[in-house]
Amino acid sequence: MEGIFDPKVVLSQAYRNVVGDKRRGKRKVADFFDAIGERVRLERLREVSAYQRFELELLTALVELGYVRGDGP
């Protein structure tokens, strides 16, 4: 998905294709992000360079704030 300019648009289109506009009601694709997040494996996310950058930046920030020690993974 890194090569996709706007992954949220693609996800919304896929959601509409599966659920359809009529059955969807007032629900939006964003309502399902928690469920998707609960099922994604960290091992798979760590294969995505954008997630690798996010994880490194988050760890760096937590070290700088003193919440974790920076002496290893």
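Is phenylalanine 54 buried, partly exposed or exposed? Phenylalanine 54 is partly exposed, with a relative accessible area of 45%. The model described here is predicted.

## Helix H5

Helix H5 covers residues 49-64. H5 counts 16 residues. From its first C-alpha to its last, H5 reaches 22 Å. That is close to the 22 Å expected at 1.5 Å a residue.

Glycine 66 follows H5. The phi of glycine 66 is positive, near 85 degrees.

## The aromatic pair

The count of aromatic pairs comes to one. Its members are tyrosine 51 and phenylalanine 54. The pair is tilted, with 45 degrees between the planes and 5.8 Å centre to centre.

Where do tyrosine 51 and phenylalanine 54 lie relative to each other in helix H5? They are three residues apart, so about one helical turn separates them. An α-helix has 3.6 residues a turn, so residues three or four places apart point the same way.

Tyrosine 51 is buried, with a relative accessible area of 17%, because buried means under 20%. Phenylalanine 54, at 45%, is partly exposed.

## The nonpolar patch

Which residues form a nonpolar patch on the surface? They are Leu59, Val63, Leu65, Tyr67 and Val68. Together they have about 480 Å² of accessible area.

Leucine 59 sits in helix H5. Its relative accessible area is 38%, which makes leucine 59 partly exposed. Residues in such a patch need over 30% relative accessible area, so leucine 59, at 38%, passes that cut-off.

Terms used. Residues numbered from 1 in each chain as written. Predicted model: local features only at pLDDT ≥ 70, side-chain atom pairs only at ≥ 80, totals over all residues. Heavy atoms only, no water. Patch = residues over 30% accessible without salt bridge, like charges linked within 9 Å, V, L, I, M, F, W, Y side chains within 5 Å. Areas by Shrake-Rupley, 256 points an atom, 1.4 Å probe, with all protein chains shown as cover. Salt bridge = Lys/Arg side-chain N within 4 Å of Asp/Glu carboxyl O. Helix = DSSP H or I, 4+ residues; strand = E, 2+ residues; numbered from the N terminus. Buried < 20%, exposed > 50% of the residue type's maximum accessible area, 1.4 Å probe, protein only. Phe/Tyr/Trp six-rings, centres within 6.5 Å; stacked < 30°, edge-to-face > 60°. Expected span 1.5 Å × (residues − 1).
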